[in-house]
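Here's a quick briefing to read alongside the model. Have the structure open and follow along.

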Amino acid sequence: MSAEDTAARARALYEARAKRVPIAPFTDADPTLGMDDGYAVQRELVHMLVADGDRVVGYKAGLTSAPMQDMFNVDTPDYGPVLASTVYADGATVSCGSFIAPKVEAEIVFRLGAPLTGPGITLEQARGAVAEVMAGLEIVDSRIENWRIKLADTIADLASNGAVALARPAVPTAGCDPRLIGMVFSRNGEIVATGAGAAALGDPVTVVAWLANVLGERGVSLDAGQLIMTGALHAAVPMRPGDTFIAEFDRLGSITLHVDGP
């Protein structure tokens, strides 16, 4: 993919985000686009958003479950940045009108206490770098019309990242195995999903090591203080005006997100 095509696709996504009007999948026009093409567009789009005053405060991993990887016919997750402008606190109210086709997912989120520079980061090194663990609710959104995404499309679109709400952090303890953290997810008081930490690559800490190594191959380090979103523990649930979402996590407590609307 030429530099001109990369810039044009990043600009199209930038305008779709600003206007909240979706665009056709890039893979409709060019089915040969792959993972590297998607990341090239993603990097250009991030440069544009940072130039506007936003900043990268961490990274999210997507496609961390076997069913999602099967859907995209891949054997690896993908990633995108977490932008400061998209981070909300527990109990926050968001507007459906701020997104195009939002859905909500519950997941385990880490904050690093030490930097990680891959490649070569082990699971134990990643575990040692984690300073805090917290319950999270991610809003996934797509600037691609009707979620008709293939791998290059979602990667280019910041891994379909919309926003994230974070609960009060906890300090990991020796007796807390993130794989075994159970979660019950409800919308408007009705349970709509359940899950456990093992849904994210078998162990959410594995996601941290994977991110450090993949980013390290591209000359990027994970910094102390950055957030790591480890991936959905269940299928995404559509977000509607007036909804209230609650995710209750074993050991981590609960997190609530309200949606404006009638």
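This is a predicted model: local features need pLDDT of at least 70, side-chain atom pairs count only at pLDDT 80 or more; totals for chains, interfaces and linings use all residues.

Residues are numbered from 1 along each chain as its sequence is written, and side-chain values use heavy atoms, with hydrogens and water left out. Helices (H or I, at least four residues) and strands (E, at least two) are DSSP runs, numbered from the N terminus.

**Helix H1**
- H1 has 17 residues and runs 24 Å from its first C-alpha to its last, close to the 24 Å expected at 1.5 Å a residue (the expected span is 1.5 Å times one less than the number of residues).
- Its buried residues (under 20% relative accessible area, with exposed over 50% and partly exposed in between; 1.4 Å probe, protein chains only) are Thr6, Arg9, Ala10, Leu13, Tyr14 and Ala16.
- Looking down the axis of H1, those buried residues fall within an arc of 160°, so they line one face of the helix; the arc is that of the directions from the helix axis to the C-beta atoms.
- Turned away from that buried side, the other face of H1 carries the exposed residues Glu4, Ala18 and Lys19.
- Helix H2 (26–29), H3 and H6 are among what covers the buried residues of H1.

**Helix H3**
- The 17 residues of H3 (residues 35–51) should span 24 Å at 1.5 Å a residue, and the end C-alpha atoms are 24 Å apart, which agrees.
- Buried residues of H3 include Tyr39, Val41, Leu45 and Met48.
- The buried residues of H3 pack against helix H1 (3–19), strand S1 (56–62), strand S2 (78–83) and helix H6 (151–156), where contact means heavy atoms within 4.5 Å.
- Gly53 follows H3 and has a positive phi, near 115°.

**The open sheet**
- Five strands form an open sheet in the order S4-S13-S12-S8-S9, with mixed pairing (two strands pair if DSSP finds at least two bridges between them).
- Strand S4 (93–95) and strand S9 (190–196) are the edge strands, each pairing on one side only.
- S8 (residues 182–187) and S9 run antiparallel and are joined by six bridges; Val184 has Thr194 in S9 as its bridge partner.

**Around strand S6**
- In S6 (residues 130–140), nine of the eleven residues are buried.
- S5 (residues 103–112) pairs antiparallel with S6 over ten bridges, and Val109 has Met134 in S6 as its bridge partner.
- S6 also runs antiparallel to S7 (residues 161–166), joined by five bridges, with Ala163 in S7 as the bridge partner of Ile139.
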